[in-house]
Amino acid sequence: MAKLNLVSALNMALDQEMARNDRMLILGEDVGREGGVFRVTDGLQKKYGAARVVDTPLAESAILGAALGLAAGGMLPVAEIQFEGFIHVAMDQLCNQIGRYRNRSRGRYGLSLVIRVPWGGGIHAPEHHSDSPEALLAHTPGLTVVQPSNPADAKGLLLAALRLGEPVVFCEPKRIYRAIKAEVPEGDYTVPIGKAAVARQGKDLTIVAWGAMMREALEAAEELQAQGASAEVIDLRTLSPMDSETVVESVRKTGRLVIAHEAPRTLGLGAEIAARVGEEALTSLLAPIERVTGFDTVMPLSQLEDYYLPDHRRVLAGARKVLAA
């Protein structure tokens, strides 16, 4: 197997599915001739033509409105929002139209539609280019929300999203686009939507993370191991619908839970995970649940970005706190 970064793995998935399914097309700002701002769609317009890889104006609401119409007409559109901060411009299309389509048609019609969005901080980008608004989307009925943490999952989850037959927001953690390489199978495979992964087995505490925070969680687990504590690390992978069963099962085994995410703390997904564990495994808890998160502020500009984003040291401090309780 070839060792690929996240960008190349996503490109491979798009390429393979376009070859397999002639109903699929890509649309977004600079996705064609430029190959996308992060080059995820590099080479696809040249291979499949400008009718299937379409450069659009800078108009996020129009991009998702067009994708909705194409999906309703039987196509499989893959819309790219260039940075997550600009998805707010298209929230009417996303929440009031795309997410409600199945319900509005009384269950008769779904939309085969994937919205790819570079996600989160860590690349010292300007304002509106480094946010983590996944809680907004996970709170919206009718949307499936996915966030991979490694190249192999990125390819398998994207192929699964393209074949789901429902609207999927595919959040791509941009700070690990090219930061890691891993073996990626060249053939056709999918990673199940809605199923978390136990990335590391442990017995003393559970750490739950997703996306770029998985690197920090695993590094913290390595340091804990050297200090004599064994952490089980769970990669949520799909944020909605959330696989809380895997989290609860792990907490019943370890008795302690740390949740790590880079989004703001208040009403972040960490609060939802903590609530579910409280409902399902309260008597198994040996210590209060700890959340390691971003802050309830706008993502600061580049000089303070490293302070805002939780790193493995903050995850480690959270783990020590629950182990000491």
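Modeller: A word on terms to start: helices (H or I, at least four residues) and strands (E, at least two) are DSSP runs, numbered from the N terminus. This is a predicted model, so local features need pLDDT of at least 70, side-chain atom pairs count only at pLDDT 80 or more, and totals for chains, interfaces and linings use all residues. Residues are numbered from 1 along each chain as its sequence is written, and side-chain values use heavy atoms, with hydrogens and water left out.

Biologist: Which element gives the largest share of the lining of the second largest pocket?

Modeller: That is α10, with four residues.

Biologist: Now salt bridges: how many does the structure hold?

Modeller: There are 18, each a side-chain nitrogen of Lys or Arg within 4 Å of a carboxyl oxygen of Asp or Glu. In one of them, E84 meets K174 at 2.5 Å, N to O.

Biologist: What does the pair of E84 and K174 tie together?

Modeller: E84 sits in the loop between β4 (76–80) and α4 (91–98) and K174 in the loop between β7 (167–173) and β8 (182–184), so the pair ties together parts 90 residues apart in sequence.

Biologist: Are E84 and K174 buried or exposed?

Modeller: Both are buried, meaning under 20% relative accessible area (1.4 Å probe, protein chains only); exposed is over 50%, and partly exposed is in between.
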